[in-house]
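Student: Let's work through this model one piece at a time. Please put it on screen.

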Amino acid sequence: MVKDLALEQAVGHHHALGTSITLQIFGTQDDSLIQKSFKLIDHYEDLLTVNRDESEVMDVNHAAGKNPVQVSSGTYSLIKLAVEESRKNYGFNALIGPVVKLWHIGFKGAHVPTDDQIKEKMKLIDPNDVVLDDDNQTVYLTKPGMELDLGGIAKGWIADRIRDLWLAYGALAGIINLGGNILLVGDSPKRISGKWAIGVQDPKEPRGDNITTVMVSQCSAVTSGTYERYLVVDGKKYHHIIDPRTGYPVQTDIAGVTTFTKTSVEAELECKRLFFAGKPIEGWHDNPDRIGAVFVYNDERVVYDNFDE
């Protein structure tokens, strides 16, 4: 049974959300559900992207300082989650865009801005300046120049919607890989235990080279790291993860942290929380949805939180 289910599989590749996507369903060679999944991904990208001039999120941004904008229920629920989490001030901030664009790290024109430039843009990233109206499903950015960007949370949310689709169609096991955001569905058909083997990226090596591997039941795995995009000026290295509390790259000894949680959107958020904390948080996995985390430090030290080494 274990071997037969693993042999039969449908695999599909797609480019969306600014990344390469791979979907893998075990127990069938029919890829029709994978094709439905790609259409769902494209649908949500059309609603949520800020990389084109038109989307529901861009409608909200274009109306900043002018008027509230009504959005669809899925978009509204994700925006509400993003804004509420941003207000908790642990590092995740869906309004950080104006400051990130000022640095532009990882893209042409990257530079170190002045303190005054940073202070000016910091006025535009307060999540308390967002007005949410549940009755009318409207979102209002109260200051001109404010921007909502769901890039730090959208892939996880979309991965969870794909899993919902798969479960509705009776898919027993599979892997949703949205460019490194992993969501494991069901039990692994490759092992009697049903556990999945998940590799943790070695920050000093090319993508795909792992520093360690952990065995997990179905869950999502998401990594935040300083190693993929950075800027070097006068011998000083500036990575791309900006602290919304300071406007500067986070000061940390962490090269990367990978979180394992029941849902992918939670993995996205908790990854940011632990990255900004810089170490395991006492009581963090008292919540049963939080399975564990792996911290990799700049000196290549690896710390396992709630995992056996």
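Student: Is N306 buried, partly exposed or exposed?
Tutor: N306 is partly exposed, because its relative accessible area is 47% (buried is under 20%, exposed over 50%, partly exposed in between, with a 1.4 Å probe and protein chains only). This is a predicted model, so local features need pLDDT of at least 70 and side-chain atom pairs count only at pLDDT 80 or more, while totals for chains, interfaces and linings use all residues. Residues are numbered from 1 along each chain as its sequence is written, and side-chain values use heavy atoms, with hydrogens and water left out.

Student: Where does N306 lie, and what is its phi?
Tutor: N306 lies in the segment after β15 (302-305); helices (H or I, at least four residues) and strands (E, at least two) are DSSP runs numbered from the N terminus. Phi of N306 is positive, about 75 degrees, although the residue is not a glycine. Most residues other than glycine have a negative phi.

Student: What about phi at N89?
Tutor: It is positive too, near 60 degrees, and N89 is not a glycine either. N89 is found in the loop between α4 (73-86) and α5 (97-103), and it counts as partly exposed because its relative accessibility is 45%.

Student: Different topic. Is Y76 buried or exposed?
Tutor: Buried, at 6% relative accessibility. Y76 lies in helix α4. Leaving aside neighbours within four places in sequence, its contacts (heavy atoms within 4.5 Å) are V71, L132, D133, D134, Q137, T138 and V139.

Student: Which residues touch the most other members in the largest nonpolar core?
Tutor: L48, L148, L150, W166 and I176, out of 59 residues. A nonpolar core here is a set of buried Ala, Val, Leu, Ile, Met, Phe, Trp, Tyr and Cys residues joined through side-chain atoms within 4.5 Å. A second, separate core has 17 residues, including A173, L184, V216 and V296.

Student: And what does L148 touch?
Tutor: Not counting residues up to four places away in sequence, L148 touches V50, V57, N61, I79, V83, A94, L95 and L141.

Student: On to helix packing. At what angle do α7 and α8 pack?
Tutor: About 160 degrees, with the axes of α7 (residues 154-168) and α8 (residues 264-277) 6 Å apart. Axes are lines fitted to C-alpha atoms, for helices over the stretch in contact, and angles run from 0 to 180 degrees between N-to-C directions. The two helices are therefore roughly antiparallel (over 145 degrees; under 35 is roughly parallel, 65 to 115 roughly perpendicular, the rest oblique).

Student: Which residues make that contact?
Tutor: K155, G156, W157, A159 and D160 of α7, with S264, V265 and E268 of α8. They divide into three nonpolar, two polar and three charged; Ala, Val, Leu, Ile, Met, Phe, Trp, Tyr, Cys and Pro count as nonpolar, Asp, Glu, Lys and Arg as charged, and the others, Gly among them, as polar.

Student: How do α2 and α7 cross?
Tutor: At roughly 145 degrees, the axes of α2 (residues 32-48) and α7 coming within 10 Å. L33, K36, S37, L40, I41, Y44 and L48 in α2 meet A154, W157, I158, R161, I162, L165 and W166 in α7. That contact divides into eleven nonpolar, one polar and two charged residues.
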